[in-house]
Amino acid sequence: DDSGFSYVQASYCQHEADPVATVNTAGGSFSAPAGLVFVDASTGEIDLSASTAGSYTITYTTSGACPTSSTFDVAITASQDASFSYSTNTYCQSEPNPTATITGDVGSFTAAPAGLVFVDNTTGEIDLSASTAGTYTLTYTTSGACAASSTTNITIQGSEDASFAYSSSTFCQDGADPSPVVNAAGSFTAAPAGLVFVDNTTGEIDLDASTVGTYTLTYTTSGACAASSTADITITNAPDARFSYVQASYCQNEADAVATADPGASFGSFSATPAGLVLNASTGVIDVSASTPGSYT
């Protein structure tokens with residue numbers, strides 16, 4: 001019998017597809033030293049993953065009336081270890097960049113689809129802030145002769161929008177309590193002490209209960225990818241516009257009437273209705289002789 005046979009390659013990696021022998025005379029059987037495992041000894045198919053790495057001389061013996069044997073040398077090389085992991089499978093864009101724990105052999109990372117950015121694709125460090133929110137499949141491939149690959153999924157979530165805005169940065173104590181416009185659920189804090197919230201989830205400020213001063217308000221969102229932002233708010237004393245004249249009635253031939261502002265009154269200006277009263281808008285002095293007789297507010 002012609003017992004000649006061969007394999008496509010003389011060397012295989014353990015993770016490759018199991019090879020089958022090509023024989024010149026069918027019907028025989030294969031044998032090999034301990035360590036090499038056949039899927040089927042009649043076809044010579046080698047179970048690479050179940051076999052021990054090493055070099056083997058495989059023998060094929062025909063089964064006809066005049067049997068013969070022949071040999072073929074095959075080397076099996078251990079596949080590399082592509083094992084790796086991250087501390088979690090979900091990250092926020094605002095978190096510190098994560099690096100993979102590589103327990104296998106040296107290699108490099110790729111990611112699909114586009115959008116995930118590596119700081120270093122040999123360590124697997126991900127640039128979270130530069131990456132687009134989404135779910136990615138990360139593949140680690142070793143770089144040796146019997147390279148192997150493994151994958152994991154990583155999800156990057158966008159940071160929440162912690163921005164907020166009040167209608168003004170300055171409010172009077174006697175004004176209407178202001179509430180800001182917010183873009184995500186969260187809560188407010190203020191520093192230093194003295195500012196009082198009606199509701200720290202809406203940011204409504206209780207102006208008359210707050211102490212005059214300037215405060216830094218911080219809004220922190222409450223979702224999985226929480227974020228914070230700040231703004232300064234000033235609360236001032238309510239303006240004091242109280243004033244008086246010595247008399248409530250004057251004759252045209254008297255001295256000009258002079259206004260007296262109450263102590264602590266704020267700077268302002270004077271006006272009068274109806275027309276006819278000649279008034280210095282800055283000082284409140286009334287030109288009695290030049291004014292038309294009548295009653296004025």
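**Entry 1: the C13–C146 link**

I began with the S-S bond of C13 and C146, where the torsion is -85° and the link is left-handed. C13 lies in strand β2 (residues 11–13), while C146 sits in the loop between β15 (134–142) and β16 (149–157), so this pair ties together parts that are 133 residues apart in sequence. I noted an S to S distance of 1.9 Å for this disulfide. I then checked cover: C13 and C146 are both buried. I am working from a predicted model, and I read every value here as computed from it.

**Entry 2: the other cysteines**

How many disulfides does the count come to? I get two. Besides C13 with C146, I found C92 bonded to C225, with the sulfur atoms 2.0 Å apart. I looked up where the two ends sit: C92 is in strand β10 (residues 90–92) and C225 is in the loop between β23 and β24, so the pair ties together parts 133 residues apart in sequence. The torsion about the S-S bond of C92 and C225 is about -85°, so I logged this disulfide as left-handed. C92 is buried, and C225 is buried too.

I numbered the bonded cysteines in sequence order and wrote down the pairing as 1-3, 2-4.

Is C66 buried or exposed? C66 has a relative accessible area of 55%, and the cut-off for exposed is over 50%, so C66 counts as exposed. C251 comes out at 43%, so I put C251 down as partly exposed.

**Entry 3: strands around β24**

A hairpin of six residues connects β23 to β24. Strand β23 covers residues 213–221 and runs antiparallel to β24, with eight bridges between them.

Which strand is joined to β24 in parallel by three bridges? I found β18 (residues 170–172), and β24 itself spans residues 228–236. Here T170 has T234 as its bridge partner in β24. I therefore have β24 paired with β23 in an antiparallel way and with β18 in a parallel way, by the rule of at least two bridges.

**Entry 4: the chain as a whole**

I counted secondary structure next and found 26 strands and zero helices. The radius of gyration is 44 Å, against 19 Å from the globule rule for 297 residues, so the chain is more spread out than a compact globule. I boxed the C-alpha atoms along the principal axes and got roughly 155 × 35 × 25 Å.

For burial, 28% of the 297 residues count as buried. The accessible surface comes to about 15800 Å², and carbon and sulfur atoms hold 52% of that. Among contacts with a separation of 6 or more, I found that 53% are between residues 24 or more positions apart.

**Entry 5: cis peptide bonds**

The bond from A191 to P192 is cis, with omega near 0°. P192 is placed in the loop between β20 (186–191) and β21 (197–199). The bond from T273 to P274 is also cis, with omega near -5°. Where is P274 placed? I found P274 in the segment after β26 (260–261).

**Entry 6: aromatic rings**

I counted 22 aromatic pairs in the structure. One of them is F84 with Y86, edge-to-face, at 6.2 Å centre to centre and 90° between the planes. Both F84 and Y86 are buried. Another is F243 with Y245, also edge-to-face, at 6.1 Å centre to centre and 80° between the planes. F243 has a relative accessibility of 43%, so F243 counts as partly exposed.

Last, I traced a cluster of rings. Ring pairs link F5, Y7, F30, F38, Y60 and F72 into it.

How values were computed: Residues numbered from 1 in each chain as written. Predicted model: local features only at pLDDT ≥ 70, side-chain atom pairs only at ≥ 80, totals over all residues. Heavy atoms only, no water. Helix = DSSP H or I, 4+ residues; strand = E, 2+ residues; numbered from the N terminus. Disulfide = S-S within 2.5 Å. Buried < 20%, exposed > 50% of the residue type's maximum accessible area, 1.4 Å probe, protein only. Rg over C-alpha atoms; globule rule 2.2 N^0.38 Å. Contact = heavy atoms within 4.5 Å. Areas by Shrake-Rupley, 256 points an atom, 1.4 Å probe, with all protein chains shown as cover. Phe/Tyr/Trp six-rings, centres within 6.5 Å; stacked < 30°, edge-to-face > 60°.
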